[in-house]
Amino acid sequence: MIITGMNHFQSVCKKKLVEWYSNNGEADTPQTPPIDISNVFIVWSCKTLQNYKCLASTTVSGDGIYAEYTYNGDKQELYEDVYKKITNTCHTEE
């Protein structure tokens with residue numbers, strides 16, 4: 001895989017998250033409809049030397065999905081880490 005710029009990288013990452021979502025039981029459940037690229041957004045991204053990184057999520061309310069993509073320009077490999085929010089706790093004291 002050869003990434004040709006930031007827009008290309010972000011587009012690839014969005015497609016990969018849609019694929020992951022569809023292949024890992026998140027889509028097509030009674031609570032969660034299938035998603036497409038319009039349901040994925042980039043939270044943050046950067047390029048350092050020949051490497052790219054971005055954080056992506058979905059617009060699906062309550063799914064808790066968060067993905068991190070890293071492109072290694074030396075090896076021309078894309079790494080994908082997908083996380084799901086387990087809890088959301090507010091702490092007001094130590």
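Here are legends for a few views of this predicted model.

**View 1. The fold at a glance.** The protein runs α-β-β-β-β along its sequence, with 1 helix and 4 strands in total (DSSP runs numbered from the N terminus: H or I of at least four residues for helices, E of at least two for strands). Its C-alpha trace spans about 40 × 40 × 20 Å along the principal axes.

**View 2. The Y66–Y83 ring pair.** Here Y66 and Y83 sit 6.4 Å apart, centre to centre, with 40 degrees between their planes, which makes the pair tilted (Phe, Tyr and Trp rings, the last by its six-membered ring, pair with centres within 6.5 Å; planes under 30 degrees apart are stacked, over 60 edge-to-face, the rest tilted). Y66 belongs to strand β3 (residues 65–72) and Y83 to strand β4 (residues 77–84), so the pair ties together parts 17 residues apart in sequence.

**View 3. A cluster of three rings.** F9, Y52 and Y71 are linked into a cluster by ring pairs. A search of the whole structure turns up 3 aromatic pairs.

**Notes for every view.** Residues count from 1 along each chain as its sequence is written, and side-chain values use heavy atoms, leaving out hydrogens and water. As the model is predicted, local features need pLDDT of at least 70 and side-chain atom pairs count only at pLDDT 80 or more, while totals for chains, interfaces and linings use all residues.
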